[in-house]
Amino acid sequence: MQTHHMQQQQQLHHFVFVHGSCHGAWCWFKLAAKLKLDGHRVTAIDLGGSGVDTRRLHEVRLVSEYLEPLMSFMKSLPENEKVVLVGHSYGGIGTSLAMERFPTEVSVGIFLSAYMPHHDSPPAVLIQEYFTRLPEGFAMDCEFTFEEGLEHPPSSVLFGTSFLKEKAYSNCQLEDLELAMALVKPSWLYTKEMGGEDLITKERYGSGKRVFIVCEGDNVLPEEIQKWMISNYEPHEVKRIEEAGHMAMLTKPHELSQLLQEIAAKYN
C-alpha cells in the first residue's frame, strides 16, 4: 500500500528521449520501463531514418527532415504541458534545437553525455571540435562518407561492430551489444547545415534550464570532451554517473532513472 501512496504524492513528469547517431528509440527501453513503473510518461522518439522510421538515409538529407518526428511531437503537446527533454550524444543537438523552437514547452533540457551547444555559436562548432580532439585511429571500423572533403568532419557515420564492442558498448551486457549490432543504421551529421547562424539564440534556447550528466568511462564522447563542453557553456547543474560508459541508459538504468526524476522534480 505504501508505495501506491508515495506515487500519489510525487509529481509525475513526461520524459521525452532523443537518441544519438545510428541509434533509435529502442536504446531507451530499460530506462523507459523503469520510469513508467514509477508512473511517469515516456516518449522515445525515432528521428528521421532512425530506428523503425522507414525513411532511407537519402530521404533525410536535411536537418529538418531528420528532426521532423521530434518537432512534430513537440508541436502536438497540449497547451501548458511541459516536458523533460533528454538528449544523448549527438541527440543533444536535436534537444537544443527543440528547446529553441519550443522554449516554453520544456521544463528542463538534460544532456546525457551529449553535444550541448553554446547559444553564441553554431552547433557545427561542437562537431568540428569533437573530431579535432579525437585521437588517431579512434573510429576503428566505423564507416564514414566525406562529401565535404577529408579535411572536414564526416558527412555520415555508421558505427562498426568492433567500435560498438570496444567503445560504445564496452560497459554493456552482451545482449545489449547484440541488440545494437542488429539495429544501428547510418546517420548524417549535418555539419554544413549546423553551421548556420541563429539556429539557437540566447533569448530562446539560452533562456532554458540545462543540466549536463557526465558519463564516466565514456569511450565515445570522452570525459575531457564532456568537460570542455561544460566549461564552454555552463549548465545550471552538472551530475555524474559512475562507470556508465557511453550507453548509460543501458548500463545504469536504475541510477539514471532516479537522477532524471530528481532533476525533473527540481526544475518543475
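Residues are numbered from 1 along each chain as its sequence is written, and side-chain values use heavy atoms, with hydrogens and water left out. Because the model is predicted, local features need pLDDT of at least 70 and side-chain atom pairs count only at pLDDT 80 or more, whereas totals for chains, interfaces and linings use all residues.

Helices (H or I, at least four residues) and strands (E, at least two) are DSSP runs, numbered from the N terminus. Two strands are taken as paired if DSSP finds at least two bridges between them. Strand S3 (residues 83–88) pairs with S4 in the parallel sense, over 6 bridges. Within this pairing, Val83 stands opposite Val106 in S4. Burial was assigned from relative accessible area (buried under 20%, exposed over 50%, partly exposed in between; 1.4 Å probe, protein chains only). In strand S4 (residues 106–112), 7 of the 7 residues are buried, so the strand is largely enclosed by the rest of the structure.

A further group of 3 strands forms an open sheet in the order S5-S6-S7, with antiparallel pairing. S5 and strand S7 (187–188) stand at the edges with a single partner strand each, so one side of each is left without a neighbour in the sheet. S5 and strand S6 (residues 156–158) run antiparallel and are joined by 3 bridges. Thr145 stands opposite Ser156 in S6.

The structure holds 11 aromatic pairs. Rings of Phe, Tyr and Trp (its six-membered ring) were paired if their centres lie within 6.5 Å; planes under 30 degrees apart count as stacked, over 60 as edge-to-face and the rest as tilted. Phe138 and Phe163 form an edge-to-face pair, at 5.9 Å centre to centre and with 75° between the planes. Phe138 lies in the loop between helix H5 (124–133) and strand S5 (143–145) and Phe163 in helix H6 (residues 161–168), so the pair ties together parts that are 25 residues apart in sequence. Phe138 and Phe163 are both buried. One aromatic cluster is formed by Tyr66, Tyr90, Tyr115, Tyr130, Phe131, Phe144, Phe146 and Tyr190.

Charged side chains also lie over aromatic rings (NZ of Lys or CZ of Arg within 6 Å of the ring centre and within 35 degrees of the ring normal). Lys167 lies over the face of Phe138, 4.4 Å from the ring centre. At Tyr233, the charged end of Arg210 sits over the ring, 3.6 Å from its centre.

With a salt bridge defined as a side-chain nitrogen of Lys or Arg within 4 Å of a carboxyl oxygen of Asp or Glu, the count comes to 13. Arg55 is partly exposed at 22% relative accessibility, whereas Asp53 is buried at 16%.

Arg61 forms a salt bridge with Glu147, and the closest N and O atoms are 2.7 Å apart. Arg61 lies in the loop between strand S2 (41–45) and helix H3 (63–75) and Glu147 in the loop between S5 and S6, so the pair ties together parts that are 86 residues apart in sequence. Arg61 is partly exposed at 38% relative accessibility, and Glu147 is partly exposed at 47%.

The side chains of Arg204 and Glu100 meet in a salt bridge with an N to O distance of 4.0 Å. Arg204 lies in the loop between S7 and strand S8 (210–215) and Glu100 in helix H4 (residues 91–101), so this pair ties together parts that are 104 residues apart in sequence. Arg204 is partly exposed, with a relative accessible area of 37%, while Glu100 is buried at 9%.

The C-alpha atoms of Glu197 and Val214 are separated by 28 Å, the two residues being 17 residues apart along the chain.
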